[in-house]
Amino acid sequence: DSAVPRRPGDRMRRRDLLIASGALLAASFARAQPARRFRVGCLWGSNEVATRPFRAAFLAGMRERGYLMGSNLTLDERYAEGNRGRYPALAEALIALKPDVLAGIEGPAIAFRSKTTTIPIVIFASSNPVEAGLVQSLARPGTNVTGLNFRLAELVAKQFELLVEISPKIARVAFFTYSSRPGDPGDAGGAILEQNARKAASAKGLTLVIVAANDVAGARIAFQRLQTERVQGLVVAGSGPTQHIRDEIIAGARRLRLPSVSGLPAAYAEEGGLATYGPNYLESY
């Protein structure tokens with residue numbers, strides 16, 4: 001038998017044909033395999049309307065990373081409507097859907113963590129995850145929780161400082177925070193915010209009035225008290241419950257003509273509040 005010598009061009013054409021055939025087979029296999037759809041369970045602290053810009057920012061970030069609603073991403077959502085007492089039941093309902101990841105701010109994350117130690121939990125925003133028992137330390141979380149910590153309590157002093165710069169003659173200032181639930185580890189952050197508010201007011205020589213509310217009715221009662229107390233300025237704590245009643249706080253401050261600085265997202269100022277100082281929450285989502 002005699003072999004016919006192959007020219008270099010023949011070998012190159014044969015190699016190209018094999019590569020092309022392999023690519024076609026791979027493409028056909030990929031088309032035949034259904035794309036995996038990932039499930040994310042989100043527990044929002046407020047209602048659908050107040051949550052809308054944060055939800056949009058979150059989905060925009062997911063799109064940038066190749067996760068598309070209706071394609072390879074399913075977003076299961078629950079809304080607590082500003083009621084922290086609903087967190088445990090809503091968290092349990094989301095976990096029952098077997099998500100790949102759970103997400104929420106600090107309060108919802110605590111509810112998730114109490115019911116699962118295996119599903120990854122991502123915190124959109126947290127004031128003190130160590131104090132809340134979510135992680136062992138910021139450097140080494142050591143649990144199924146990760147996310148963003150804004151050190152919100154440390155910003156309270158700056159918010160008081162800005163308020164005095166805006167209105168140098170004020171002497172009586174209110175700190176608007178949320179009502180705590182005894183024994184709730186998620187309220188550790190609220191206690192720290194209040195403690196820092198007392199320190200900041202004392203450092204500026206201000207008389208401090210603290211009011212708290214979690215809903216519209218509570219906010220109206222709080223502003224009735226502020227009117228009676230004749231306060232001259234207002235600092236608003238950055239938290240899920242105060243975000244839920246943001247519009248009522250803005251309306252109350254304007255009605256009493258109180259200059260106000262908040263730790264809430266920028267929408268506080270955009271919707272009519274005087275000023276806000278804090279992290280860019282939309283970027284965090």
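1. Two strands are taken as paired if DSSP finds at least two bridges between them. The model is a predicted one. By that criterion E3 and strand E4 (residues 121-126) are paired, because three bridges join them, in the parallel sense. Within this pair, Ala103 stands opposite Val122 in E4.

2. The pair belongs to an open sheet of five strands, ordered E2-E1-E3-E4-E5, with parallel pairing. E2 and strand E5 (145-149) are the edge strands; each has a single partner strand, so one side of each is left without a neighbour in the sheet. From one strand to the next, the twist averages 20°.

3. Helix H4 packs on this sheet, where E1, E3, E4 and E5 are touched by H4. The direction of H4 makes about 155° with that of E4.

4. Helix H3 (residues 87-95) has Tyr87, Leu90, Ala91, Leu94 and Ile95 buried. Viewed down the axis of H3, these buried residues fall within an arc of 140°, so they line one face of the helix. What do the buried residues of H3 pack against? Their partners are strand E1 (38-44), strand E2 (73-79), strand E3 (101-104) and helix H4 (106-113).

5. Strand E8 (residues 233-236) is covered on both faces. Gly233 and Val235 are buried on one side, and Leu234 and Val236 are buried on the other. As background, side chains in a regular strand alternate between the two faces of the sheet.

6. Which strands are joined to E8 by bridges? Strand E6 (residues 172-177) runs parallel to E8 and is joined to it by four bridges; here Phe175 stands opposite Val235. Strand E9 (residues 260-262) also runs parallel to E8, with three bridges between the two. In that pairing Val236 stands opposite Ser262.

7. Gln159 is a residue of helix H5 (residues 152-166). Is Gln159 buried or exposed? Its relative accessibility is 3%, so Gln159 counts as buried, the cut-off being under 20%. Leaving aside residues up to four places away in sequence, Gln159 touches Val235, Val236, Val261, Ser262, Gly263 and Tyr277. Val235 and Val236 are among the buried residues of E8, and Ser262 is the residue of E9 that stands opposite Val236.

8. Helix H7 (residues 216-229) and helix H9 (residues 246-255) have axes that come within 10 Å and cross at roughly 20°. That makes H7 roughly parallel to H9, because angles under 35 degrees are counted in that class. The crossing of H7 past H9 is right-handed. On the H7 side the contact involves Val216, Ala219, Arg220 and Phe223; on the H9 side, Glu248, Ile249, Gly252, Ala253 and Arg255.

9. Glu81 has a positive phi of about 55° although it is not a glycine. Glu81 sits in the loop between E2 and H3 and is partly exposed, with a relative accessible area of 41%. Arg230, also a residue other than glycine, has a positive phi near 55°. Arg230 is in the loop between H7 and E8, and with a relative accessible area of 67% Arg230 is exposed.

Key: Residues numbered from 1 in each chain as written. Predicted model: local features only at pLDDT ≥ 70, side-chain atom pairs only at ≥ 80, totals over all residues. Heavy atoms only, no water. Buried < 20%, exposed > 50% of the residue type's maximum accessible area, 1.4 Å probe, protein only. Arc of directions from axis to C-beta. Contact = heavy atoms within 4.5 Å. Axes fitted to C-alpha atoms, helices over the stretch in contact; angles between N-to-C directions. Parallel < 35°, antiparallel > 145°, perpendicular 65-115°, else oblique. Left-handed = near helix turned anticlockwise from the far one by under 90°.
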